[in-house]
Amino acid sequence: MAAGMRFLQLFAAVLAFCFAPANSNWIPATATFYGGADGSDTMGGACGYENLYVAGYGINNVALSTALFNDGASCGQCYVIICDTSKSDMCKPGTSITVSATNFCPPNWDLPSDNGGWCNPPRHHFDMSQPAWENIGIYRAGIIPVFYQQVKCWRQGGVRFTINGFNYFELVLVANIGGSGSIKSMSVKGTNTAWIPMSRNWGANWHCLSGLVGQALSFAITSTGGQYLVFQDVVPAWWQFGQTFSTWRQFDY
(Lines give C-alpha, C1' and ligand atoms only; values in the text may rest on other atoms or scores of the structure.)
Protein backbone atom coordinates (compact mmCIF):
# COMPACT_ATOMS: atom_id res chain seq x y z
CA MET A 1 0.00 0.00 0.00
CA ALA A 2 2.77 2.46 0.97
CA ALA A 3 4.77 1.68 -2.17
CA GLY A 4 1.70 2.18 -4.34
CA MET A 5 0.92 5.49 -2.65
CA ARG A 6 4.50 6.70 -3.15
CA PHE A 7 4.28 5.81 -6.85
CA LEU A 8 1.02 7.72 -7.27
CA GLN A 9 2.42 10.78 -5.51
CA LEU A 10 5.55 10.71 -7.65
CA PHE A 11 3.51 10.27 -10.85
CA ALA A 12 1.26 13.17 -9.90
CA ALA A 13 4.27 15.36 -9.14
CA VAL A 14 5.84 14.62 -12.53
CA LEU A 15 2.57 15.34 -14.35
CA ALA A 16 2.14 18.61 -12.48
CA PHE A 17 5.62 19.72 -13.48
CA CYS A 18 5.29 18.66 -17.11
CA PHE A 19 1.99 20.40 -17.73
CA ALA A 20 1.95 23.45 -15.47
CA PRO A 21 5.37 24.33 -13.97
CA ALA A 22 4.73 28.07 -14.18
CA ASN A 23 1.59 27.79 -12.03
CA SER A 24 2.80 25.20 -9.53
CA ASN A 25 4.80 25.27 -6.31
CA TRP A 26 8.05 24.13 -7.92
CA ILE A 27 11.05 26.23 -6.86
CA PRO A 28 14.05 26.74 -9.17
CA ALA A 29 17.49 25.67 -7.97
CA THR A 30 20.64 23.93 -9.20
CA ALA A 31 22.15 20.54 -8.43
CA THR A 32 25.59 18.94 -8.46
CA PHE A 33 26.80 15.60 -7.10
CA TYR A 34 29.53 14.23 -4.82
CA GLY A 35 30.56 11.02 -3.12
CA GLY A 36 31.41 8.73 -6.05
CA ALA A 37 29.40 6.20 -8.01
CA ASP A 38 28.53 4.15 -4.92
CA GLY A 39 27.76 7.19 -2.78
CA SER A 40 30.03 5.90 -0.01
CA ASP A 41 31.60 9.30 0.63
CA THR A 42 28.19 10.77 1.47
CA MET A 43 28.05 8.74 4.68
CA GLY A 44 28.20 10.84 7.84
CA GLY A 45 27.79 14.56 7.30
CA ALA A 46 26.69 17.69 9.11
CA CYS A 47 23.38 16.24 10.31
CA GLY A 48 25.20 13.60 12.37
CA TYR A 49 23.48 10.49 11.00
CA GLU A 50 26.80 8.64 10.44
CA ASN A 51 25.94 5.42 8.55
CA LEU A 52 22.99 6.57 6.45
CA TYR A 53 21.76 3.02 5.82
CA VAL A 54 21.64 2.24 9.55
CA ALA A 55 20.01 5.61 10.28
CA GLY A 56 17.25 4.94 7.73
CA TYR A 57 18.20 7.37 4.94
CA GLY A 58 20.11 5.27 2.42
CA ILE A 59 21.86 6.42 -0.73
CA ASN A 60 19.32 8.95 -2.02
CA ASN A 61 20.67 11.77 0.11
CA VAL A 62 21.68 15.38 -0.39
CA ALA A 63 23.79 18.16 1.10
CA LEU A 64 21.93 21.47 1.26
CA SER A 65 23.26 24.95 0.58
CA THR A 66 23.21 27.53 3.38
CA ALA A 67 19.88 28.95 2.27
CA LEU A 68 18.22 25.53 2.57
CA PHE A 69 20.15 23.96 5.48
CA ASN A 70 18.80 26.47 8.01
CA ASP A 71 21.55 25.78 10.57
CA GLY A 72 20.58 22.11 10.69
CA ALA A 73 16.83 22.60 11.13
CA SER A 74 16.28 21.03 7.69
CA CYS A 75 18.12 17.80 8.54
CA GLY A 76 15.97 14.81 7.58
CA GLN A 77 13.60 16.69 5.30
CA CYS A 78 12.69 15.22 1.90
CA TYR A 79 12.68 16.89 -1.50
CA VAL A 80 11.53 15.72 -4.90
CA ILE A 81 13.82 17.11 -7.61
CA ILE A 82 13.28 17.35 -11.37
CA CYS A 83 15.77 18.58 -13.97
CA ASP A 84 14.71 21.76 -15.81
CA THR A 85 14.57 20.59 -19.42
CA SER A 86 13.79 24.11 -20.63
CA LYS A 87 17.28 25.26 -19.61
CA SER A 88 19.50 22.24 -20.23
CA ASP A 89 19.88 19.35 -22.67
CA MET A 90 21.75 17.45 -19.95
CA CYS A 91 18.51 16.44 -18.25
CA LYS A 92 16.91 13.01 -18.31
CA PRO A 93 13.37 14.03 -19.29
CA GLY A 94 10.41 12.57 -17.44
CA THR A 95 12.44 11.52 -14.41
CA SER A 96 12.57 12.67 -10.80
CA ILE A 97 14.21 11.65 -7.55
CA THR A 98 13.26 12.07 -3.89
CA VAL A 99 16.20 12.73 -1.58
CA SER A 100 16.71 13.19 2.16
CA ALA A 101 18.75 16.05 3.61
CA THR A 102 21.70 14.56 5.50
CA ASN A 103 24.56 17.03 5.00
CA PHE A 104 25.57 20.67 4.55
CA CYS A 105 27.15 22.08 1.40
CA PRO A 106 29.34 24.94 2.68
CA PRO A 107 29.79 28.18 0.75
CA ASN A 108 32.99 28.76 -1.19
CA TRP A 109 33.72 32.45 -0.84
CA ASP A 110 36.71 32.22 -3.21
CA LEU A 111 34.36 31.52 -6.14
CA PRO A 112 31.46 33.57 -7.50
CA SER A 113 27.99 32.18 -6.91
CA ASP A 114 27.41 31.84 -10.66
CA ASN A 115 30.68 30.02 -11.35
CA GLY A 116 31.62 27.42 -8.78
CA GLY A 117 30.31 28.86 -5.53
CA TRP A 118 27.07 26.97 -6.00
CA CYS A 119 26.33 26.72 -2.29
CA ASN A 120 26.93 30.39 -1.54
CA PRO A 121 23.98 32.32 -0.10
CA PRO A 122 21.35 33.07 -1.22
CA ARG A 123 21.44 30.23 -3.77
CA HIS A 124 19.14 27.22 -3.43
CA HIS A 125 21.44 24.35 -4.33
CA PHE A 126 21.46 20.57 -3.85
CA ASP A 127 24.76 18.66 -3.75
CA MET A 128 23.36 15.17 -4.24
CA SER A 129 24.84 11.72 -3.98
CA GLN A 130 25.98 10.69 -7.44
CA PRO A 131 23.55 7.72 -7.68
CA ALA A 132 20.63 10.03 -6.83
CA TRP A 133 21.79 12.80 -9.19
CA GLU A 134 22.19 10.42 -12.14
CA ASN A 135 18.47 9.66 -11.97
CA ILE A 136 17.79 13.12 -13.40
CA GLY A 137 21.03 14.33 -15.04
CA ILE A 138 23.70 13.16 -17.48
CA TYR A 139 27.03 12.56 -15.76
CA ARG A 140 29.20 14.81 -17.92
CA ALA A 141 27.03 17.86 -17.17
CA GLY A 142 28.37 18.23 -13.61
CA ILE A 143 25.73 20.80 -12.70
CA ILE A 144 22.12 21.08 -13.87
CA PRO A 145 19.21 23.47 -13.34
CA VAL A 146 16.38 21.87 -11.37
CA PHE A 147 12.99 22.44 -9.82
CA TYR A 148 12.17 21.09 -6.36
CA GLN A 149 9.44 20.72 -3.76
CA GLN A 150 9.61 19.64 -0.15
CA VAL A 151 7.53 16.45 0.22
CA LYS A 152 6.46 13.99 2.88
CA CYS A 153 9.13 11.55 4.04
CA TRP A 154 8.37 7.84 4.01
CA ARG A 155 10.54 5.79 6.39
CA GLN A 156 10.80 2.11 7.21
CA GLY A 157 10.10 1.47 10.89
CA GLY A 158 9.90 4.03 13.66
CA VAL A 159 11.90 6.94 15.05
CA ARG A 160 15.34 6.10 16.47
CA PHE A 161 17.22 7.70 19.37
CA THR A 162 21.00 7.48 19.89
CA ILE A 163 22.21 8.64 23.31
CA ASN A 164 25.66 10.24 23.33
CA GLY A 165 27.44 12.62 25.71
CA PHE A 166 28.79 12.07 29.23
CA ASN A 167 27.81 12.61 32.85
CA TYR A 168 25.47 15.62 33.00
CA PHE A 169 25.45 16.21 29.23
CA GLU A 170 23.03 14.14 27.14
CA LEU A 171 23.37 14.52 23.35
CA VAL A 172 20.53 12.74 21.55
CA LEU A 173 20.57 12.03 17.83
CA VAL A 174 17.03 11.59 16.46
CA ALA A 175 16.89 9.72 13.16
CA ASN A 176 14.51 8.02 10.71
CA ILE A 177 11.78 10.63 11.09
CA GLY A 178 8.84 10.38 8.69
CA GLY A 179 6.29 13.02 7.76
CA SER A 180 7.95 16.43 7.64
CA GLY A 181 11.24 14.66 8.42
CA SER A 182 12.57 17.19 10.92
CA ILE A 183 12.09 18.46 14.47
CA LYS A 184 10.74 21.81 15.66
CA SER A 185 11.12 21.21 19.40
CA MET A 186 11.97 18.40 21.79
CA SER A 187 11.90 17.58 25.52
CA VAL A 188 13.16 14.71 27.65
CA LYS A 189 11.81 13.24 30.90
CA GLY A 190 13.61 10.90 33.23
CA THR A 191 11.94 8.54 35.65
CA ASN A 192 12.61 11.02 38.45
CA THR A 193 12.31 14.33 36.61
CA ALA A 194 9.74 16.61 35.06
CA TRP A 195 9.89 17.40 31.34
CA ILE A 196 13.18 19.12 30.46
CA PRO A 197 13.38 21.24 27.28
CA MET A 198 16.18 20.25 24.90
CA SER A 199 18.09 22.49 22.50
CA ARG A 200 19.42 21.76 19.04
CA ASN A 201 23.16 21.22 19.45
CA TRP A 202 24.11 20.58 15.82
CA GLY A 203 22.39 18.91 12.89
CA ALA A 204 19.86 16.39 14.17
CA ASN A 205 21.47 16.27 17.63
CA TRP A 206 19.62 17.72 20.62
CA HIS A 207 21.06 18.17 24.11
CA CYS A 208 20.20 18.86 27.74
CA LEU A 209 22.34 19.45 30.84
CA SER A 210 20.88 17.06 33.39
CA GLY A 211 21.87 13.99 35.35
CA LEU A 212 19.74 11.31 33.69
CA VAL A 213 21.98 8.25 33.96
CA GLY A 214 20.14 5.34 35.59
CA GLN A 215 16.71 6.64 34.66
CA ALA A 216 14.34 5.49 31.92
CA LEU A 217 13.92 8.24 29.35
CA SER A 218 10.88 9.54 27.49
CA PHE A 219 10.93 12.08 24.67
CA ALA A 220 8.28 14.54 23.54
CA ILE A 221 8.78 15.82 20.00
CA THR A 222 6.97 18.33 17.83
CA SER A 223 7.80 17.91 14.16
CA THR A 224 8.25 20.89 11.85
CA GLY A 225 4.93 19.78 10.35
CA GLY A 226 3.27 20.44 13.73
CA GLN A 227 2.64 16.86 14.90
CA TYR A 228 3.27 16.18 18.61
CA LEU A 229 4.28 12.69 19.76
CA VAL A 230 5.40 11.35 23.12
CA PHE A 231 7.78 8.39 23.12
CA GLN A 232 7.12 7.05 26.60
CA ASP A 233 9.98 5.18 28.34
CA VAL A 234 11.60 4.48 24.96
CA VAL A 235 15.03 4.31 26.61
CA PRO A 236 15.28 1.81 29.50
CA ALA A 237 16.95 2.70 32.79
CA TRP A 238 20.00 0.56 31.96
CA TRP A 239 20.98 2.63 28.92
CA GLN A 240 24.58 3.60 28.29
CA PHE A 241 26.12 6.36 26.21
CA GLY A 242 26.54 5.30 22.59
CA GLN A 243 23.46 3.08 22.44
CA THR A 244 20.63 3.40 19.90
CA PHE A 245 16.99 2.64 20.71
CA SER A 246 14.36 2.12 18.01
CA THR A 247 10.62 2.67 18.33
CA TRP A 248 7.53 1.56 16.45
CA ARG A 249 6.03 5.07 16.38
CA GLN A 250 6.34 7.34 13.36
CA PHE A 251 5.31 10.85 12.30
CA ASP A 252 2.66 11.36 9.64
CA TYR A 253 3.32 15.07 9.11
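Predicted model: local features only at pLDDT ≥ 70, side-chain atom pairs only at ≥ 80, totals over all residues.
A residue counts as buried when its relative accessible area is under 20%. I start there because C119, at 4%, is then buried.

C119 is joined by a disulfide to C105, with an S to S distance of 1.9 Å. The torsion about that S-S bond is about 90°, so the link is right-handed. Both C105 and C119 lie in the loop between β4 (97–104) and β5 (125–129), so the parts tied together are 14 residues apart in sequence. C105 has 10% relative accessibility and therefore counts as buried.

Next, C78 and C153. Their sulfur atoms are 2.1 Å apart, and they form a disulfide. This one is also right-handed, with 125° about the S-S bond. C78 is in strand β3, while C153 is in the loop between β6 (144–151) and β7 (160–166), so this pair ties together parts 75 residues apart in sequence. C78 is buried at 3%, and C153 is buried at 3%.

Then C47 and C75, a disulfide with its sulfur atoms 2.0 Å apart. Here the torsion is about -85°, so the link is left-handed. C47 sits in the loop between β1 (27–34) and α2 (52–55), and C75 in the loop between α3 (66–69) and β3 (78–83), 28 residues away. Both cysteines, C47 and C75, are buried.

For the whole structure, the search gives four disulfides. Counting bonded cysteines along the chain, the pattern is 1-2, 3-8, 4-5, 6-7.

Last, C208. Its closest cysteine sulfur, in C75, is 19 Å away, which is too far for a bond. C208 is buried as well, at 3% relative accessibility.

Definitions and conventions
Residues numbered from 1 in each chain as written. Heavy atoms only, no water. Disulfide = S-S within 2.5 Å. Helix = DSSP H or I, 4+ residues; strand = E, 2+ residues; numbered from the N terminus. Buried < 20%, exposed > 50% of the residue type's maximum accessible area, 1.4 Å probe, protein only.
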